[in-house]
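These are my notebook entries on one protein chain. I wrote down what I looked up, in the order I looked.

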Amino acid sequence: MHRTLLAVVVVVAASSFAQSDEWNTFPPAQPAPTQPAPKPQPRPEQPKPQPPPKQTTAPAEAKPLPPRLAAALDAGVPSSDGGVDGGVDAARIVSQTERYLPGTEPHSPSTWGLPWDATENARVAVGHVGIGTVYVPSARLGKAGVVRVSLLGEYHNIQDFPVRSAQNIRSGVTFAASFQPFDWGEIFVAYGAAANSNNRTSPNLIQALGDLQLGIKLSREWARGFHAGVDLRLITFSGVGNQGLDRFAVGFKPTLLLTYDFRTLSHYIPLVLTGGFGATIDSSSGLVSNQRLNAAEEYALNVNRYHRLNVMAAAEIPFPVVTPFVEYQVSPVLGAPNGELTGPDGRFVSAGAAMAHTLGLGLKLTPLKDLTVTSGFNLGLARSVGLGVPATPPWNFFVGAGFAIDPFQKGETKIVETIRERRVDVARAPPPQRLEGVVTDEETKQPLSNVIIAVAGNKPTATDATGAYESLPVTGKSVKLSIAKEGYAPYEQSIAVDPAQPTRVDVALKPDVKKAKFEVSTTANKKPIKANVTFRGTAEARAETPDGNAPAEVELPAGTYTITATAPGHLAQTRDVQVQAGGKLVVTFELQPSPRKVLVVFKGDKIEILQQVHFASGKAQILPDSFGLLQQVVDAIITNNVKRVRVEGHTDNRGKKETNQTLSEDRARAVKDYLVAQGIDASRLESAGYGDSKPIAPNLTARGRELNRRVEFIVLEK
């Protein structure tokens, strides 16, 4: 009887080191005076000022003192003069807080004792191949620079599989390694070996060694909680019982991945969903081209004679210590004749019933730092067995372990702050002089975190999440305060220090906005002309183009603008543009001379046209002879600063009402589209058609019908 292959996972745990920073609320006790003599008693020494804490943010919630440390303090603590102060009353612990130095936080911390909604509960680990659950890869990557390794073992012992009266025992092991050089990229490799025993194969024991997978994954977070990317992997299949290069097959497996973390919507939804779609181009059938395999041998050798699609999904519920997950995979067969395969008994079976189809249930255990233990089983959902596609076992047990290493990290630095209270018989020293305050954004008034606070002669500190800061102790009557944050103008000021209490300095930083540059030119008949240019949008500005060929140059903050150009004797033009910070945009206006005959009159609530807009008969196509008329309408909208206009279309009563209604709507929309093409913002325009419902003259004569076939411009907002 074949014995199962056992996989032993050896895990080396990396320990972090801690930096301790302790300080006392009160100064050390004064040494006891000597026995009095006839001469005057000496003056007691002044207490030394206490050292300040290094923590610059508000202290975290106090943690209970460890029992062993409390017992040591009960026995006595050293005093400032080398003696021992007896009892806990001499040095009582008030509180103790811990925090990691920014940038040294652990990439895979222990989840033991974390809140149920902590983000660290969703451990990023390597599955069967690459980052994912086990068999379904994930688009959600982890911290860059981390190396992750895993060892996964599989086993089943099944009767009547893949055919009746057969007993199949299979064990396998896969070693996988992953490296993330960037936040958006992963490189991975996996090496697998398997042994399969079945009384229907020849030989009964078949070993497959050296199956290798190499791949890359490119993924990023496109929106908060939404990750998408592509997984590209090359698969090599070694020959049966050997690892040589003379007999091997290759495959290619591209997969599109989507992952969404519902915890970004609400911390009450601890759910991470992943979906994938791809294909597998498989040439493993070339390993046994010289013989015909039965169903048991195809399963043992994992030989596929058809390419296939891959559809997969996974759901994880990250909790402290344990993360339950479920996986679903189905691989429709490509290229099966008439969608059928030959069964082991010679009958035809549906390729859909025999395709690989599984449901996996499992758990991830994450109580230990950097170590992830995974266990579960897959349930086969395939209803039939067909030659050319390896059979799907009814069940398959798996267990594995993964470990994460950051070879480039200098170590995790934990700052432990202990606050003690000591009873003394002398007057308390005055509190140290400090600067404190809140840093906000000058425009949004929101607090700014991680702002660097520097006081001349002291180490810099940083603001916390509420924008608050507290400097180290300062000396002197005045100090120089410097505040800096990327994206904001630096702040420097000489501050007078209050010797009796902390000096409060609240600062509003001004965003350091990189402006965009506009180069505007105005021409008429291809020749430069002098014109007035206005900018409205994120900011407002005015400029004048010179007579020569040089454009007008204007610098404004990045954003969306409406640029309008006007010149005496010419029709105005407008244009909507968008420019990025630091960008440069060249805008040219070709102004049209004002016509001798004025065809457009602005009457407050209406833009009246003295000539009809001409369309092709029975169509919504504007004829070219009306372009000049509509250009005068554009000029009227711009020069009168009309904010909203409705374009109305009307027809005479000839023809069907439904046809007239549709024609009037289409013609009004065509005029609106023309105005938009001339630079009028579409949000300022709307169109409506009324058919023959609003005549302005009787439809009894040709002249009356001509007047009723009209386009009107109604001013909705000025």
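**Entry 1: a pair of charged residues**

Are arginine 308 and aspartate 282 buried or exposed? I looked them up, and both arginine 308 and aspartate 282 are buried. I note here that the model is a predicted one. The two residues form a salt bridge, and their closest N and O atoms are 3.1 Å apart. Arginine 308 belongs to strand β12 (residues 308-316) and aspartate 282 to strand β11 (residues 272-282), so the pair ties together parts that are 26 residues apart in sequence.

I then went to residue 316 in β12. Glutamate 316 and lysine 364 meet through their side chains in a salt bridge, at 3.3 Å from N to O. Lysine 364 lies in strand β16 (residues 356-365) and glutamate 316 in β12, so this pair ties together parts 48 residues apart in sequence. I checked burial using the cut-off of under 20% relative accessible area. Glutamate 316 counts as buried because its relative accessibility is 8%. Lysine 364 is buried too, with a relative accessible area of 2%.

**Entry 2: other salt bridges**

How many salt bridges does the structure hold? I found 26 salt bridges in the structure. One of them joins arginine 263 to aspartate 261, with 2.8 Å between the closest N and O atoms. Arginine 263 has a relative accessibility of 16%, so it counts as buried. Aspartate 261 has 8%, so it counts as buried as well.

**Entry 3: asparagine 198**

I picked asparagine 198, which lies in strand β7 (residues 185-198). Its relative accessibility is 1%, so asparagine 198 counts as buried. What does asparagine 198 touch, leaving out residues up to four places away in sequence? I listed Phe161, Pro162, Ala166, Gln167, Asn168, Asn204 and Ala296. I looked at two of these more carefully. The side chain of asparagine 198 reaches the backbone oxygen of phenylalanine 161 at 3.2 Å. Alanine 166 is 32 residues from asparagine 198 along the chain, yet their C-alpha atoms are separated by 6.6 Å.

**Entry 4: two sheets**

Before tracing sheets I reminded myself how they are held. Strands of a sheet pair through backbone hydrogen bonds, in a parallel or an antiparallel way.

In what order do the strands of the open sheet with β21 run? I traced four strands, β22-β21-β24-β25, with antiparallel pairing. At the edges stand β22 (461-462) and β25 (491-496), and each has a single partner strand, so one side of each is left without a neighbour in the sheet. Strand β21 (residues 452-455) pairs with β22 over two bridges, in the antiparallel sense. Isoleucine 453 has threonine 461 in β22 as its bridge partner.

I traced another open sheet of four strands, in the order β31-β30-β33-β34, and its pairing is antiparallel. Its edge strands are β31 (541-545) and β34 (573-579); each has a single partner strand, so one side of each has no neighbour in the sheet. On average, neighbouring strands here are turned by 25 degrees against each other, direction ignored. Strand β30 (residues 531-537) and β31 pair in the antiparallel sense, over five bridges. In this pairing I found valine 533 opposite alanine 543 in β31.

**Entry 5: nonpolar cores**

Which residues have the most contacts inside the largest nonpolar core? I wrote down Val613, Ile622, Ile637, Val671, Leu675 and Phe713, in a core of 28 residues. Two or more residues of this core come from each of β37 (606-609), α4 (627-639), β38 (644-649), α5 (657-677) and β40 (711-717). The most come from α4, which gives seven residues. I also looked up the contacts of valine 613. Valine 613 touches Ile622, Ser626, Leu629, Leu630, Val671 and Val711, if residues up to four places away in sequence are not counted. I noted a second, separate core of 23 residues as well; Ala516, Phe535, Tyr561 and Val579 are among them.

**Entry 6: the chain in totals**

I ended with counts for the protein chain. The chain has six helices and 40 strands. Of its 718 residues, 44% count as buried. I also looked at contacts between residues at least 6 apart in sequence, and 64% of these join residues at least 24 apart.

Technical notes:
Residues are numbered from 1 along each chain as its sequence is written. This is a predicted model: local features need pLDDT of at least 70, side-chain atom pairs count only at pLDDT 80 or more; totals for chains, interfaces and linings use all residues. Side-chain values use heavy atoms; hydrogens and water are left out. Two strands pair if DSSP finds at least two bridges between them. A nonpolar core is a set of buried Ala, Val, Leu, Ile, Met, Phe, Trp, Tyr and Cys residues joined through side-chain atoms within 4.5 Å. Buried means under 20% relative accessible area, exposed over 50%, partly exposed in between (1.4 Å probe, protein chains only). Contact means heavy atoms within 4.5 Å. A salt bridge is a side-chain nitrogen of Lys or Arg within 4 Å of a carboxyl oxygen of Asp or Glu. A polar contact is a pair of N or O atoms within 3.5 Å; within protein, one must be able to donate a hydrogen and the other to accept it, and residues adjacent in sequence count only if both atoms are side-chain atoms. Axes are lines fitted to C-alpha atoms, for helices over the stretch in contact, and angles run from 0 to 180 degrees between N-to-C directions.
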